[in-house]
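This briefing is for a reader new to the structure shown below. Please keep the sequence and the 3D view at hand while going through the points.

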Amino acid sequence: MCGFAGSIGIVNSPKDTIKIVSEMNDAIMHRGPDDFGYWHDSSQEFFVGHRRLSIIDTSSAGHQPMSSSNNRFVIVFNGEIYNHNYLRREIEQETNKCSWIGHSDTETLLEAIQLWGFENTLKKSIGMFAIALWDKKYSKLYLARDRMGEKPLYYGWVKKNSKKFFLFSSELKAITKHPFMEKKIDRDSLCLLLRHNYIPDPYSIYKNIFKLRPGSFTCVSYKSGKVIEKNYWDSIETAIKGTRNKFIEKPLQLTEKLENLLKDSVGLQMESDVPLGAFLSGGIDSSLIVSLMQDQSSKPVKTFTIGFNEDEYNEAVYAKKVAEHLGTSHTELYITPQEAIDVIPKLPYLYCEPFSDSSQIPTFLVSSLARNNVTVSLSGDAGDELFSGYNRYLITNNLWNKLSYVPRPIKGFISKIIKKIPPEKIDKSLRMIPINFKYKNLGDKFHKGGDALSTNSIDELYLRLVSQESNPERFVIDGKEPSTEINNVRGSLSKLQDIERMMLLDSITYLPGDILTKVDRASMGVSLESRVPFLDHRVYEFAWRLPLEMKINKGVTKWILREILKKYVPENLIERPKMGFGVPLHDWIRGPLRDWAENLIDKKRLDEEGYFNSAEVRKVWEDHISGKQNKISVLWSILMFQAWLDTN
């Protein structure tokens with residue numbers, strides 16, 4: 001796991017440009033504190049630097065930038081190729097190669113590229129990665145990102161007078177160190193932030209700087225100025241193909257096949273030359289990953305959990321029971337509200353563009369806890385998207401068909417009534433009813449349901465459910481929300497079942513844009529490598545061939561994962577309502593964080609900066625503070641942008 005940054009184009013002199021690239025890479029030192037290196041093409045205007053977190057082959061044989069044995073290619077690489085030993089054996093068989101400099105996956109990649117070419121090597125690779133490859137022969141730069149978007153990669157052109165410079169890096173904070181980067185805020189992207197809590201690819205918070213899409217690579221020719229992007233793997237095409245070729249085997253056979261596939265994925269991702277562990281929440285996904293790790297380990301797996309004293313946010317008690325049953329070496333840490341609040345000033349630097357999923361706070365805390373003991377940690381992320389775990393899938397499954405028969409005027413009338421009642425009052429009223437409700441924050445969920453009532457189609461319902469703010473343009477001055485994958489691909493997904501369509505949209509938007517971004521920045525912020533076994537592309541392809549009833553079965557989500565987990569953990573330890581991974585921000589903003597927030601969204605300040613409509617922001621703020629509505633989602637996005645603006 002590493003980070004890199006580079007440029008095409010000379011600033012004043014090669015010496016000056018090397019200094020600039022060095023400063024760019026120093027900005028992401030946290031991604032690679034163990035080693036660094038720089039290289040430039042003396043015959044061209046290409047410069048690149050690398051920061052290394054040593055995981056596989058910690059010796060100097062894994063140093064980057066690394067040149068190929070034929071001296072044609074130079075590579076910088078962030079991530080892991082989990083099947084690199086298999087690729088080595090294939091290379092050895094085809095070329096009779098018998099000697100290697102070291103045992104790093106970077107060296108394997110270079111040899112594979114020499115033999116099979118760049119695109120074919122990407123197709124053969126199982127892993128998470130961002131790659132920059134310079135081809136000396138043709139003076140071309142290739143950039144690539146892994147299939148699901150685990151590792152980030154930014155790029156774009158900047159200008160100075162009549163000269164253009166191409167910049168690329170693992171994080172935006174490196175690109176902003178280039179002296180010709182203008183750092184112009186993209187107000188349209190700001191609209192996207194308010195809707196989603198993150199900025200979807202290919203956009204970034206800055207104009208003319210973009211995120212490379214998952215599963216794609218680009219070829220950049222400095223001489224012609226062309227940037228050609230191409231998919232080497234398509235998550236949508238793969239999913240649709242899977243639904244057209246569903247498995248016909250019996251559930252028991254498919255459960256065994258998936259278990260074996262997950263075992264293989266976990267086993268590959270357990271390879272490490274440094275200490276390794278896992279995040280454990282006690283939920284289905286993380287418990288299954290840890291179970292499969294412990295099943296393949298000769299010693300107790302190191303597991304990590306953070307807990308909160310507030311019962312509705314605390315999963316640590318469940319994680320501890322699972323850890324005790326599996327016999328892991330478990331570490332838990334209970335966090336006070338103040339310790340969580342103390343993370344907030346770090347967020348604008350960690351997330352080098354505005355990001356406002358509040359679970360970024362506990363994710364950073366559990367990453368910090370793990371880093372005290374290990375350098376690599378596996379997680380259970382992506383189980384929800386691939387095996388239908390989110391509550392909104394159940395809402396769709398159970399309610400939409402019934403709601404569709406209710407006349408729109410009646411639905412609109414009920415929606416208005418619900419939204420007029422403050423969430424706190426709904427919570428208090430429901431607590432007086434002698435029913436054991438499964439979910440927390442029911443007042444907020446009723447308000448969300450009120451929004452859903454006013455929708456006319458299941459696609460509109462989905463967009464409403466995943467939107468933190470349905471009309472972001474009312475907040476952003478001169479902002480116009482651009483089209484994203486959610487809007488662009490829905491037509492091509494019309495033949496999928498409703499829940500499958502929602503799962504696929506989550507997989508190509510929410511998963512890379514929110515979940516994987518959150519985990520990457522939080523873990524790499526403390527120099528911890530996080531790995532996601534569910535995102536082995538073979539697992540993704542298998543999941544999309546499963547009949548939907550093996551994911552949601554009689555109202556039970558992630559049915560097939562539960563069936564596998566039963567072999568390792570008793571049902572009573574993991575059967576409970578889904579909690580999520582959050583903190584009580586809505587209360588903190590009304591209490592200990594109130595002064596901090598008031599300063600960031602002071603009317604005079606907002607008017608001077610000119611990004612937000614101060615009247616709209618202040619109205620939402622007053623509604624939240626008074627308890628009339630819980631508007632923490634859109635408020636947190638605004639506050640995170642304001643805090644980021646301060647830092648940048």
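In which loop does D478 lie? D478 lies in the loop between α19 (458-466) and α20 (485-488). The model is predicted.

**Backbone sites**

- Most residues other than glycine have a negative phi, and most peptide bonds are trans.
- D478 is not a glycine, yet its phi is positive, at about 60°.
- With a relative accessible area of 68%, D478 is exposed.
- A382, also not a glycine, has a positive phi of about 85°.
- The loop that holds A382 runs between β16 (376-378) and α14 (383-387).
- A382 counts as buried because its relative accessibility is 4%, and the cut-off for buried is under 20%.
- A cis peptide bond leads from Q64 to P65, with omega near 0°.
- P65 sits in the loop between β3 (46-52) and β4.
- Another cis peptide bond leads from D201 to P202, with omega near 10°.
- P202 is placed in the loop between α6 (187-196) and β10 (209-211).

- Strand β5 covers residues 73-81 and is mostly covered, with 9 of its 9 residues buried.
- Strand β4 (residues 66-67) runs antiparallel to β5, and 2 bridges join them.
- S67 has V74 in β5 as its bridge partner.
- The hairpin of β4 and β5 has 5 residues between the strands, and N71 in this hairpin takes a positive phi near 65°.
- β5 is also joined to strand β6 (residues 127-135), by 9 bridges, and these two strands run antiparallel.
- Opposite I81 stands G127 in β6.

**The open sheet of 5 strands**

- An open sheet is built from 5 strands in the order β15-β14-β13-β16-β17, and its pairing is parallel.
- The edges are β15 (329-335) and β17 (529-531); each has a single partner strand, so one side of each has no neighbour in the sheet.
- On average, neighbouring strands of this sheet are turned by 30° against each other, direction ignored.
- V376 has E529 in β17 as its bridge partner.
- Helix α10 (residues 316-326) lies across β14 (302-308) and β15, and runs at about 170° to β15.

**Helices α2 and α3**

- Two packed helices are described by the angle between their axes and the distance between the axes.
- Helix α2 (residues 84-95) and helix α3 (residues 105-116) have axes that come within 10 Å and cross at roughly 40°.
- That angle makes α2 oblique to α3.
- The crossing in which α2 passes α3 is left-handed.
- On the α2 side, the residues that meet α3 are H84, L87, R88, E90, I91, E94 and T95.
- On the α3 side, they are D105, E107, T108, E111, A112, L115 and W116.
- The residues of this contact divide into 5 nonpolar, 3 polar and 6 charged.

**Helix α6**

- Is helix α6 enclosed or exposed? The rest of the structure largely encloses α6, because 8 of its 10 residues are buried.
- The buried residues of α6 are S189, L190, C191, L192, L193, L194, R195 and H196.
- These buried residues pack against α19, α20, α22 (510-524) and α30 (632-647).
- α19 and α20 are also the helices on either side of the loop that holds D478.

**P300**

- P300 is found in the loop between α9 (284-295) and β14.
- With 47% relative accessibility, P300 counts as partly exposed.
- Which residues does P300 contact, leaving aside its neighbours within four places in sequence? P300 is in contact with Q294, G327, T328 and S329.
- P300 and K567 are 267 residues apart along the chain, and their C-alpha atoms are separated by 18 Å.

Technical notes:
Residues numbered from 1 in each chain as written. Predicted model: local features only at pLDDT ≥ 70, side-chain atom pairs only at ≥ 80, totals over all residues. Heavy atoms only, no water. Axes fitted to C-alpha atoms, helices over the stretch in contact; angles between N-to-C directions. Helix = DSSP H or I, 4+ residues; strand = E, 2+ residues; numbered from the N terminus. Parallel < 35°, antiparallel > 145°, perpendicular 65-115°, else oblique. Left-handed = near helix turned anticlockwise from the far one by under 90°. Contact = heavy atoms within 4.5 Å. Nonpolar A, V, L, I, M, F, W, Y, C, P; charged D, E, K, R; others polar. Buried < 20%, exposed > 50% of the residue type's maximum accessible area, 1.4 Å probe, protein only. Pairing = 2+ DSSP bridges.
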